[in-house]
Amino acid sequence: MNVRSQSTNPNVCVHKTQGIRVIAGEKLEIPIPVTKASLISYKIDVQQNLDIDFSIVVYSKENERIEIVAHHRCVKEEGVTDVPVEGKCILVLDNSYSWVRDKNVAYEAVVVGAKIIETAKKKKSQYHHQQQDPELIV
């Protein structure tokens, strides 16, 4: 079951589930809308220490396919990556190589919008500027 919870900040969106079944021989694609200059933080945990092929792709508004996390096999994984274009982000959980075993996967994807990123960069810049000029420290 895919759960989407909007935080109190409209520039942060959380998609997660405690366990979703990926049937043997099939692929599950989980769509997540994103804006340009977003970040996506992700966690994948395949239960029972089994593995699954995982990747993240983005389709731009012009339908250009961009792989932002390369296709690879994993049991547990977490990371953060930039989203270079506005469009639809797809978390791909691929169990097509397995003929017998279904996989139960817990995942979380947090999309942080451009406004939050810009605000954080400005605060970081102000902080570094204050550290270099002691007279600016209040």
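Colleague: Which side chain makes a polar contact with the side chain of Lys 103 at 3.2 Å?
Modeller: This is a predicted model: local features need pLDDT of at least 70, side-chain atom pairs count only at pLDDT 80 or more, and totals for chains, interfaces and linings use all residues. Residues are numbered from 1 along each chain as its sequence is written, and side-chain values use heavy atoms, leaving out hydrogens and water. A polar contact is a pair of N or O atoms within 3.5 Å; within protein, one must be able to donate a hydrogen and the other to accept it, and residues adjacent in sequence count only if both atoms are side-chain atoms. The partner at 3.2 Å is the side chain of Tyr 97.

Colleague: Which residue has its backbone oxygen 2.7 Å from a polar atom of the Lys 103 side chain?
Modeller: Contact means heavy atoms within 4.5 Å. Setting aside neighbours within four places in sequence, Lys 103 is in contact with residues including Ile 20, Tyr 97 and Asp 51. The backbone oxygen at 2.7 Å belongs to Asp 51.

Colleague: Is Lys 103 buried or exposed?
Modeller: Buried means under 20% relative accessible area, exposed over 50%, partly exposed in between (1.4 Å probe, protein chains only). Lys 103 has 3% relative accessibility, so it counts as buried.

Colleague: Where is Lys 103 placed?
Modeller: Strands are DSSP runs (E, at least two residues), numbered from the N terminus. Lys 103 lies in strand S9.

Colleague: How many bridges pair S3 with strand S8?
Modeller: Two strands pair if DSSP finds at least two bridges between them. Here the sense is antiparallel, and S8 covers residues 87-94. Leu 28 stands opposite Leu 93 in S8. The number of bridges is eight.

Definitions and conventions:
Helix = DSSP H or I, 4+ residues; strand = E, 2+ residues; numbered from the N terminus.
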